[in-house]
Amino acid sequence: MRVAAIALTFNPFITTPNPTQTQTNYSFPPLKLVTRENQELSWNHLTQSNSDKLAKNWMEYQGINNWEGLLDPLDDILRTEILRYGQFVEAAYRAFDFDASSPTFGSCKFSKNSLLTRACIRETGYKPTKNLRATCGIQLPGWVDRGPSWVSTRSSWIGYVAVCQDKEEIARLGRRDVAIAFRGTATCLEWLENLRATLTDVGGLGGGGAMVESGFLSLYTSGNATCPSLQQMVREEIGRVIEMYGDEPLSLTITGHSLGAALAILAAYDINSTFNNAPPVTVMSFGGPRVGNQSFRCQLEKSGTKILRIVNSDDLITKVPGFVIDNNETAVNTAGLPSWVQRRVEDAQLVYADVGQELRLSSKECPHLSKGGVAACHELGTYLELVNGFVSSNCPFRTTASRVLC
């Protein structure tokens, strides 16, 4: 099983990754949902059940009511929607060229038109319309640019935009959906950006004291002479989509894993801050780190952005960076620390706040995942398997659940 790229942020218990990890040449078999009796569940199985109910209530499943009554127990339609968007993220991983010895390292291995098919995600009804790249904004010595590709690659393919074009799928969903999918950390310079864990003003994306993690913002807003910023690419494509389809029911669903989960939240915030006529924007994130402070969370809520964070309690990445606001939203969660430490935490801009609604799962509740290590807890495949098996807080994992193999 593949080890997913982890968005590493400040945490004294996590060591800096070895950059040579990016040199592995990954080969992915088709992603399948397989029952314990080895019966394959195809994409069609995920999209055929209760289609009438989804079409009629699609705004509820996109979070208009913050998924009230749908998370515990987990609604079966919402479950299949989460798994469906998770496969879009899986396609982003499979399409990325991880081979550091290749001259195309850091690019998309497939053409835009064949991306989903060649990534083994077939019959989705979606058509990729835009490739997305992220650029490192860290200023490094000139010799770095002369180093091997796994060190010097500043701009890398990070994901894609796909628009639902199939009439039957549009009818099943109840609207035309636009999916934006982001992969997790893969290059050396992305790892370095992840380590920049202090909060910084969100700047042109908004105001009101909103602050976000420096490295994530840098990857979203940085560009160079040969590659526009991820922010610019997202804005241009979403502007085009709104102009083309704005007169019909439309939704934007942004999904990502690890670093991709953080970028998904930034992209959602940016879209709602940029377009007055934006359709409903929903984020479904897997294994994401913290992104911003309490003011950032308030700005997200005011903008109407709906966020569903799928969190594995045993995944360290979801617990970093910094410290988080207590549930009473008035004090920093640094109980037991001396007052001078608390002041230092605040002065160092390390006070974060979790955003959106949370679907909390646990590897320990799944018999065949409970013995996995730290890395296994963060894998996208682990998350999809936990979602597929979760029933409720009183029944964390059904014994007859299908297994996700990747």
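Me: At what angle do helix H9 and helix H11 pack?

Reply: Good place to start, and keep in mind that this is a predicted model. Helix H9 covers residues 214-221 and helix H11 covers residues 259-274. Their axes lie 10 Å apart, and the packing angle is about 65°.

Me: Is H9 roughly parallel or roughly perpendicular to H11?

Reply: Take the angle of about 65° between H9 and H11. Angles of 65 to 115 degrees count as roughly perpendicular. Therefore H9, relative to H11, is roughly perpendicular.

Me: How many nonpolar residues does the contact of H9 with H11 have?

Reply: Let's look at who takes part. H9 brings Phe216, Leu217, Leu219 and Tyr220, while H11 brings Leu259, Ala262, Leu263, Leu266, Ala267 and Asp270. Sorted by class, there is one charged residue and no polar one, and the nonpolar residues number nine.

Me: Which strands are the edge strands of the open sheet?

Reply: The sheet has seven strands in the order S3-S4-S5-S8-S9-S10-S13, with mixed pairing. An edge strand here pairs on one side only. The two that do this are strand S3 (126-135) and strand S13 (357-361).

Me: How many residues of H15 are buried?

Reply: The buried residues include Leu380, Tyr383, Glu385 and Asn388. H15 is largely enclosed by the rest of the structure, because its buried residues number 10 of the 10.

Me: Are H4 and H15 roughly parallel or roughly antiparallel to each other?

Reply: Helix H4 (residues 76-95) packs with H15 at an angle of about 170°, and their axes are 10 Å apart. Angles over 145 degrees count as roughly antiparallel. So the arrangement of H4 and H15 is roughly antiparallel.

Me: How many charged residues are in the contact of H4 with H15?

Reply: From H4 come Arg79, Ile82, Leu83, Gly86, Val89, Glu90 and Tyr93, and they meet Leu380, Leu384, Val387, Asn388 and Gly389 in H15. Seven residues of this contact are nonpolar and three are polar, and the charged ones number two.

How values were computed:
Residues are numbered from 1 along each chain as its sequence is written. This is a predicted model: local features need pLDDT of at least 70, side-chain atom pairs count only at pLDDT 80 or more; totals for chains, interfaces and linings use all residues. Side-chain values use heavy atoms; hydrogens and water are left out. Two strands pair if DSSP finds at least two bridges between them. Helices (H or I, at least four residues) and strands (E, at least two) are DSSP runs, numbered from the N terminus. Axes are lines fitted to C-alpha atoms, for helices over the stretch in contact, and angles run from 0 to 180 degrees between N-to-C directions. Angles under 35 degrees count as roughly parallel, over 145 as roughly antiparallel, 65 to 115 as roughly perpendicular and the rest as oblique. Contact means heavy atoms within 4.5 Å. Ala, Val, Leu, Ile, Met, Phe, Trp, Tyr, Cys and Pro count as nonpolar, Asp, Glu, Lys and Arg as charged, and the others, Gly among them, as polar. Buried means under 20% relative accessible area, exposed over 50%, partly exposed in between (1.4 Å probe, protein chains only).
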